[in-house]
Every structure is written in structure tokens, then in C-alpha cells.
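Please look through the structure shown here with the briefing beside it. The points are grouped by topic.

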Amino acid sequence: RELGVVIEFLDDKNIIRVSSDLKKKLSGNYTFNILNCPNILPTLAALGMYVEGEFTIIGGHVTTKHKSNRIRSMITELLKLGVDINPVFNNNVEDGFVIRGRSSYEGGVTLSSWGDHRIFMSLYVASLKMKNENLIDGFYDVICSFPDFFKEINKLTHN
């Protein structure tokens, strides 16, 4: 909502409707503390890279112990894409990152999922807006959390 996205919960249908003006550039300075929802870190990174301004994620230190070190994974892969991203430390512990995003990226690189389903899905979504296709390993990992990921993405991108 802070980014101007309209979110509508349709509880009776177990559906969430998300919409935004895709022609509008996302801009501004944002800070998200994900301490109580750390699994959103890769997704926020994929969104934050397209926000012109400073997009800061903190409170993610627990994600360094997930399927991959999700902070390090996202920093490493987004750097390959040309994203201006730097780690944030809290008491000498990696706790998140700051992204200085822009509206578009070239793509055309090979990315690693680090064997982590959430990293793969986030890089996939981030790649949808790139000028050139990316190669991302680990597509089979989505089965552990979202087996219908490709089916659902296909619905969104072909409507």
C-alpha cells in the first residue's frame, strides 16, 4: 500500500486482488522492518530494485539461517543484474540491505537460486520486467512451497 498498490482481500473467496498502475514509476524512500515476516525479504528485494529512491529492508537477520543466507543470496544475485544494493548491519550482524533502484534493467545474465525456492521465485518475478531474458537455476525447488507457481504466473502473464 505504501508503494501505491491497491490490495483488496476477498475473504469469502480466499482471494487477494492486487493492482497498480504499471505505467507509473515507483519512487520514494521506504524502510520495511520484516522482523515479524522474514520470508518476504526476497520478494521485497525483487520489488525494491524497481523503486527509484532508497528502499531499505531491516530485521532480516534470521533469514541468514534459512534454506540459503537470503540476505547474501539476494545481494549477490541483484548485483549481477546491476542493482545498487548494499548490506545493512545491526550489532555486526547482517540484518538487511539498502537498494537504490531504477525503473528498468538490461538482464541477460545467469542467476542462481542458491537452492532456495523463495530466491528462485523472487528472481523470476524480478526478471519479468527486464529487457533481456535471464537464466535462473533451481526451478524445481518451487515444489516445496508453491507447486503451482508456474501455472499461476502463466495466468497472470497471459491474461
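The model is a predicted one.

**Helix α2**

- Helix α2 runs over residues 70–80, and its buried residues are R70, I71, S73, M74, I75, E77 and L78.
- The cover over these buried residues includes two helices, α1 (41–48) and α3 (117–127).
- Strands β6 (84–90), β7 (93–101) and β8 (110–111) are also among the elements that cover them.
- At the start of α2, N69 places a side-chain oxygen within 3.2 Å of the backbone nitrogen of I71.
- After α2 comes G82, which has a positive phi, near 90 degrees.

**Helix α3**

- Helix α3 is largely enclosed by the rest of the structure, because 8 of its 11 residues are buried.
- Those buried residues are H117, I119, F120, M121, S122, L123, A126 and S127.
- Their cover includes the helices α1, α2 and α4, together with the strands β8 and β9 (135–136).
- The N-terminal end of α3 is capped by D116, with a side-chain oxygen 3.0 Å from the backbone nitrogen of R118.

- F9, I16 and V18 make a nonpolar surface patch of about 300 Å².
- One of these residues, I16, belongs to strand β2 (residues 15–19).
- I16 has a relative accessible area of 45%, so it counts as partly exposed.

**Cysteines**

- A disulfide is a covalent bond between the sulfur atoms of two cysteines.
- The count of disulfides in this model is 0.
- C37 takes part in no disulfide, and the nearest cysteine sulfur, that of C144, is 19 Å away.
- C37 is partly exposed, with a relative accessible area of 39%.
- C144 is also partly exposed, at 48% relative accessibility.

**H158**

- H158 sits in the segment after helix α4 (149–157).
- Is H158 buried or exposed? H158 is exposed, because its relative accessible area is 60% and the cut-off for exposed is over 50%.
- H158 and L41 are 117 residues apart in sequence, and their C-alpha atoms are 27 Å apart in space.

Methods: Residues are numbered from 1 along each chain as its sequence is written. This is a predicted model: local features need pLDDT of at least 70, side-chain atom pairs count only at pLDDT 80 or more; totals for chains, interfaces and linings use all residues. Side-chain values use heavy atoms; hydrogens and water are left out. Buried means under 20% relative accessible area, exposed over 50%, partly exposed in between (1.4 Å probe, protein chains only). Helices (H or I, at least four residues) and strands (E, at least two) are DSSP runs, numbered from the N terminus. Contact means heavy atoms within 4.5 Å. A polar contact is a pair of N or O atoms within 3.5 Å; within protein, one must be able to donate a hydrogen and the other to accept it, and residues adjacent in sequence count only if both atoms are side-chain atoms. Patches are made of residues with over 30% relative accessible area and no salt bridge: like charges are joined within 9 Å, nonpolar side chains (Val, Leu, Ile, Met, Phe, Trp, Tyr) within 5 Å. Accessible areas come from the Shrake-Rupley method with a 1.4 Å probe; for residues, only the protein chains shown count as cover. A salt bridge is a side-chain nitrogen of Lys or Arg within 4 Å of a carboxyl oxygen of Asp or Glu. A disulfide is a pair of cysteine sulfur atoms within 2.5 Å.
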